[in-house]
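Thank you all for coming. I would like to walk through one structure with you this morning, going slowly enough that the terms are clear before we use them.

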Amino acid sequence: MTSFTLLLIVVFVTLAFEFSNGWHDAANSIATVVSTRVLTPFRAVVWAAFFNFVFGTAVASTIGKGMVHIELVNQQVLLAGLFGAISWNTITLVLGLPTSSSHALMGGYGGAAVAHAGLKALILGGWTKPVLFIFLSPVIGFFVAMTVTILTSWVVRSQRPLRVDKWFRRLQLLSAALYSLGHGTNDAQKGMGIITAALAVGGLAKSGQVPRWVIICCHLAMAGGTMAGGWRIIKTMGQRITKLNPFGGFAAETASAVTLFGTAHFGIPVSTTHTVTGAIVGVGSTRRLTAIRWGITRRIVYAWILTIPGAALFGAVLFQVGRYWVK
């Protein structure tokens with residue numbers, strides 16, 4: 001198999017991953033707005049897919065050249081990493097667990113790189129922030145959501161409940177759009193980084209410089225996946241963690257959007273799943289701690305912790321299997 005053919009396969013599989021990312025993470029963008037009945041599921045996914053289109057490449061540069069030594073990998077490594085991430089996404093989607101597609105991609109890519117060249121393939125310093133933000137992003141989302149909830153509660157303290165509900169049904173359209181913008185800013189860039197790395201390995205682009213066509217294709221794939229929807233995860237996010245009303249949905253989405261815009265600005269590839277889950281828990285906690293279904297939350301956290309090593313294992317195994325038939 002020629003290197004150019006492998007490159008085409010890597011590009012195709014990366015776009016398939018972006019589609020699965022949008023499908024898997026559609027819950028993040030629409031679970032709150034669907035569970036509060038502000039939008040029907042179909043209208044919600046159309047709304048989210050439209051606002052997933054955002055352009056920026058700071059996170060893509062981190063994925064493309066900041067975590068693995070690009071000179072030590074080849075197209076087979078990228079391909080195995082992608083299939084490892086897709087495999088993990090598929091398993092967690094079937095189980096209805098809202099895990100991080102971003103961390104699945106990082107794990108699959110890193111695992112395949114280690115299988116190919118050993119630990120020296122990893123830029124250990126580049127993994128510090130992404131691993132740290134496994135824990136920090138939900139905490140930030142939690143406290144920002146609590147702050148937004150308390151502030152907005154104070155603003156509407158003298159208004160009638162029915163009037164407040166009417167206001168926040170409209171405002172939640174804005175907060176859902178902002179969250180989807182943050183989702184596109186962060187998650188679509190993971191695939192951009194992989195395709196740019198593949199082009200750099202093939203000598204067709206400079207490492208870290210993301211071509212415009214790559215940006216557009218990744219956003220299209222992400223939006224298409226969001227249109228497909230991940231309904232099992234939507235149920236977990238929107239109904240099983242805590243009960244949300246339009247007021248709470250607005251607070252959770254706004255807090256998530258603020259967190260995602262901030263991390264994307266600094267090129268930190270965080271998990272949108274972790275962020276919005278922390279925000280939903282933060283909103284529920286402002287009512288009372290018993291409003292949170294902690295058993296479901298613990299199960300989600302366990303899946304978060306296992307995502308990078310689990311996807312890394314898939315990536316490493318798939319690389320070892322693939323090296324015997326991809327020449």
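Let me begin with a term: a polar contact is a pair of N or O atoms within 3.5 Å, where, within protein, one atom must be able to donate a hydrogen and the other to accept it, and where residues adjacent in sequence count only if both atoms are side-chain atoms. Helices, for their part, are DSSP runs of H or I with at least four residues, numbered from the N terminus.

What you see is a predicted model, in which local features need pLDDT of at least 70 and side-chain atom pairs count only at pLDDT 80 or more, while totals for chains, interfaces and linings use all residues. Residues are numbered from 1 along each chain as its sequence is written, and side-chain values use heavy atoms, with hydrogens and water left out.

At the start of helix 4, a side-chain oxygen of Asn74 comes to within 3.1 Å of the backbone nitrogen of Gln76. Just after helix 4, Gly96 has a positive phi of about 75 degrees.

Is helix 10 largely enclosed or largely open? Buried means under 20% relative accessible area, exposed over 50%, and partly exposed in between, with a 1.4 Å probe and protein chains only; 16 of the 20 residues of helix 10 are buried, so the rest of the structure largely encloses this helix. Just after helix 10, Gly267 takes a positive phi of about 70 degrees.

Thr275 lies in helix 11, residues 272–287, and is buried, at 0% relative accessible area. Taking contact as heavy atoms within 4.5 Å, and not counting residues up to four places away in sequence, Thr275 touches several residues, among them Ser137, Ser256 and Thr259.

Finally, the cysteines: where a disulfide is a pair of cysteine sulfur atoms within 2.5 Å, a search of the whole structure finds zero. The sulfur of Cys217 is 7.0 Å from its closest cysteine sulfur, in Cys218, which is too far for a bond. Cys217 is partly exposed, at 28% relative accessible area, whereas Cys218, at 0%, is buried.

Methods. Helices (H or I, at least four residues) and strands (E, at least two) are DSSP runs, numbered from the N terminus.
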